[in-house]
Amino acid sequence: MRVLLLSVLGLLAITLSHAAPLQGIYFGHKYWELACDNTGTCRAAGYGEGKVSVLLTRHAGAGDSVKVEAYIAQEIAEDPTDLKVTLFINNVSQGILNEASNRYFLLNYEQRKSIITALRQNDEIAFLANAERVQLSTAGSNAVLLKMDEFQKRIGTSSALLHPGESNNVHVLASIAKPEIIAHPLIAFPQINSLSPAQSQKIGSWLQPTKEMNCSELDEGRERVFDIIPVDKNHSLIRTECFDISRYAMWLTDNAFKSRPKLVTSDAAEYQKGKIWRFSGPVQAWVWDGRQFVLCDEYYDNVGWGNHLAPGGIWHLPTFVSTILTQQEAERDSVALKTLHIAVIKEKMANPELEFGKITEQFPLKRPVTNFEISYVENGRLPEDKPSADISDDEWQAFLHSNIMAYTENGTVGYRLVDLDNDGKRDLIIDSYVGGTGLYSYTGVLKRGDKTFYSTIDDPDGEESYTPGELFSENGRGANQWSKWVEINGQVYALWFNGVFGEDNLYLVRPFNKADKTATVTIRYHYQLDSIGTQEDGPTLTPALSDNDRKGLLKSLEEMQKNLLKDQKIGQTNPPICPVPPGTSPEDAERYSMSIPLHYAYESVAKIPVWLDGKCYIGTVASHFGHYNHGVDAEITLLSPEKDEDIVGGYAITGLRSVTSVSSGYKKREGDNGVR
């Protein structure tokens, strides 16, 4: 092997953090409105003549991609079956839009560029639908797009929507994961009663509406009535009319009334299926987490011009989002994690090198699975006949009506039908080889609905998403990754593997839940690096190694494993790798701490001193991310720190591994640089 050397620019790693959770915003101006949520995602909607609307969706982060959708009202076409929609900018056709679903259309890359440029310049934007031309208003768009850029900290950057600048995107708002809430069991059909006189006497003074609650005054002669609603065996809700009989104030209290009731909201519409709902202003929902009712959802669906196109609005505009797991799901994940952990421990005891195939074979899918492929090479059309007799007619019709668009470099996409969430209906797994410099493969999952398969994951980039419902990717060149679908204790997971030198991580990815943290088993290793060979199977070691120097190199490789680069803290300073001779200038002294820049297919493992014939060289240890086949894949390249000298050679190194620790817990899934 030979490390490919590249000239690289220094990269500044900046970590953006928020002292407090990000607060979403809603803003409306004229014919446009904006909602940005607590993950940093923003959605801007514009309207025209009560017949057409567009939605621009953009995630936080350095990327500059924007998803653009259009909606055509029923007023234009009663039957949307053959609805054809064409975009015009200043009376120039930009092509026909791709239909995404009933009355909803996706704009391709060129169409998105055109409409964003038109919004910046206040150009005329129109849609031709079934011979009727409808104009989109740009009134208010500048204010809304500016507010979006401001929220995502893009003003003055190259990714700004309204006024792109020259600044890079290093300091833009980083994307934030959805908070995860574990919903606890509660009483399904609570019996509602009024507070008894004794109960009212005990806590009544704590339940009086305050000025901040803005409750209406009761009619003369009426007394405020307080109802008590059991939540679980230890807690109850107390409610009373606040504005009218459809809008209540709600407090949470312990059933013994030992502590002051805590106000949840003064504008609740109902308590249903374990959630408190508010429908005035933004729709809000609170869910029970075992200790309190916590906000889980906030959105604007029925405000602004959207109501003119369809009752209840046409776009979902959230300002707060979360991932909700039931306590049963959370406990099932914990049991699955423990089961996988035990399987790794048992394999370690049987084989200190660890063979993952013997671990994964213990958890096969025990439910019906149908695999099939579709080639899009010839004409890009779906076949009329089912590619497998094991696909039911109902499943095939759902597949045909799902308008699935997956990118593939080789023209073939793999599909798998299997029930992923135990609802009795088979869902769809999509596997596509995308290629590129990283030799990427993408896996997406679509949930089975009534008549189609649909994504539960927001695909922000529309057609630029390589696979619908993207769940994870595998980098075939710049990483050590693989995946396998497993079933543990009746739950299906994608077991996603990511390895680096000295450490492997097994992630149990739940199909329809892109949570912030994932159930993970982490394995750490020690390598007996005692085999030193030539790079690219050369005839002799270059440079030559004496027995004494060989012993010194083996000792350095042993010490190296106590201080791998991946384990060092950000900003950690280290002494020079080789001793700096007295009288060396500060500029030349930097060479004694330098290492060799690597091709992206290699992981930089460590920088170590290598002594040959009494002279110190800087050894850059690299690996294909810990790839292992009865020996770890690694090599070392030697650089002379002295002025006017350069690389002098290097060696291939390998050795057997042994497991030093196995741990498990929940952590961020790292290493997936294909799927955001």
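What share of the contacts in the protein with a separation of 6 or more is accounted for by residues 24 or more positions apart? In the predicted model, such residues account for 58% of these contacts. The secondary structure comprises nine helices and 37 strands, and the C-alpha atoms occupy a box of roughly 100 × 70 × 65 Å along the principal axes.

An open sheet is formed by four strands in the order S7-S6-S10-S11, with antiparallel pairing. Because strand S7 (92-96) and strand S11 (132-136) stand at the edges and each has a single partner strand, one side of each is left without a neighbour in the sheet. On average, and with direction ignored, neighbouring strands of this sheet are turned by 25 degrees against each other.

Within the sheet, strand S10 (residues 125-129) is joined to S11 by five bridges, the two strands running antiparallel; among the residues involved, Ala-129 has Glu-132 of S11 as its bridge partner. Helix H1 (residues 109-121) lies across strand S6 (85-89) as well as S7 and S10, and runs at about 40 degrees to S6.

Terms used: Residues are numbered from 1 along each chain as its sequence is written. This is a predicted model: local features need pLDDT of at least 70, side-chain atom pairs count only at pLDDT 80 or more; totals for chains, interfaces and linings use all residues. Side-chain values use heavy atoms; hydrogens and water are left out. Two strands pair if DSSP finds at least two bridges between them. Axes are lines fitted to C-alpha atoms, for helices over the stretch in contact, and angles run from 0 to 180 degrees between N-to-C directions. Contact means heavy atoms within 4.5 Å.
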